[in-house]
Amino acid sequence: MAVAGIVAAPVAVQAGADEVYASARVGIKYTDQATKNALGTTTGSAADFDVKSFASRFGMRGETDLGNGMSGFGRYEFGVSDSGISQRHLYVGVKGDFGSVLMGKTYHTFYNYVVGPLDNPWWHSTNTMVESVGRTGNGITYAGGAGAVSFGATVYMVSDAEETPADAIELGASFAVGDSTIGVGYRSVDIDGAVPGQGNGTDEDVMAVAWSGIGIGSTTLGVSYMNQDKDNGIVVDWAIGNAYVHLETVDYDAGQTPMDITFGYTQSLGRKTTMYYELNSKDADSGNSEDDSMAVMAVLKYDII
């Protein structure tokens, strides 16, 4: 603790107290899922309780005025789990009237325009999609906009034997429709270059469209469609106050149609303290009911800094 104080104090002074943050997220999870042998063959099912960290994290972020309408910014964020510490975000960039350019690991273009707008659950999300893209590394991203339209592009550069300037690219754009937003995205997938997010194991390009923030009375609806060759995926996200329902399904050309549905509720307990509850059911559509799974979790989140 003494060492942490010595290291963190100068950072807090330079970056500002709101730029150093930490969030502890620990809860209990009940799962009923398949058991598999060393070859990956389903041997049965088992139910169990577990107390664990659910994406606890700490980090630092800052922004500096460079003059001439430009700013420099950067961020470190690390995840804390029962098995240790991992990197979540690591990027630097500059922004100004031209938009912004950043380099490193974070959420990039495809996620920002067609995945993130419907990524409402705390834990059970983006697991049953044609292309499950979250935080990715090795990227250089440009983001800009004009009026009600925003747009962006990401280039991935991974060390490999291909000697190509870019191993994969992402393009995205969005525009407002009333209080809602329509986003479109394109992602090339390079299996050989090991670019994060491998979809269904092919290097076919992925295209998607997402319509989020559709107001229906006191509720908000979001839907998206994603395609990769002959595989098609749909996501439906419905928010009702602090409650939500999130459904993901993929129709694979090989014949399987897995489905993932989550029911959740977020409860504020007061300053810096939140509880959330999720019930998730997965239908693997493998012809073996033991491949299906169910999880129930209750997590307490406390924002330390």
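**View 1. The buried residue D260 and its salt-bridge partner.** In this predicted model, D260 is buried, with a relative accessible area of 1%. D260 forms a salt bridge with K282, and the closest N and O atoms are 3.4 Å apart. K282 is partly exposed, with a relative accessible area of 27%.

**View 2. A salt bridge between R187 and E131.** The two side chains meet at 2.9 Å, N to O. R187 lies in strand β10, whereas E131 lies in the loop between α2 (109-115) and β7 (135-146), 56 residues apart. R187 is buried, at a relative accessible area of 0%, and E131 is buried as well, at 0%.

**View 3. Strand pairing around β11.** Strand β10 (residues 180-187) pairs with strand β11 (residues 206-216) in the antiparallel sense over seven bridges. The bridge partner of R187 in β11 is V206. β11 also pairs with β12 in the antiparallel sense, over nine bridges, and I214 stands opposite L221 in β12. β11 and β12 form a hairpin with two residues between them. In the turn, G217 has a positive phi of about 65 degrees.

**View 4. A negative surface patch.** The patch is formed by D203, E204, D205, D229, D251 and D253. Among them, D229 lies in the loop between β12 (219-228) and β13 (231-240).

Definitions and conventions:
Residues numbered from 1 in each chain as written. Predicted model: local features only at pLDDT ≥ 70, side-chain atom pairs only at ≥ 80, totals over all residues. Heavy atoms only, no water. Patch = residues over 30% accessible without salt bridge, like charges linked within 9 Å, V, L, I, M, F, W, Y side chains within 5 Å. Areas by Shrake-Rupley, 256 points an atom, 1.4 Å probe, with all protein chains shown as cover. Salt bridge = Lys/Arg side-chain N within 4 Å of Asp/Glu carboxyl O. Lys, Arg positive; Asp, Glu negative; His and termini not counted. Charge placed at Lys NZ, Arg CZ, Asp CG, Glu CD. Helix = DSSP H or I, 4+ residues; strand = E, 2+ residues; numbered from the N terminus. Pairing = 2+ DSSP bridges. Buried < 20%, exposed > 50% of the residue type's maximum accessible area, 1.4 Å probe, protein only.
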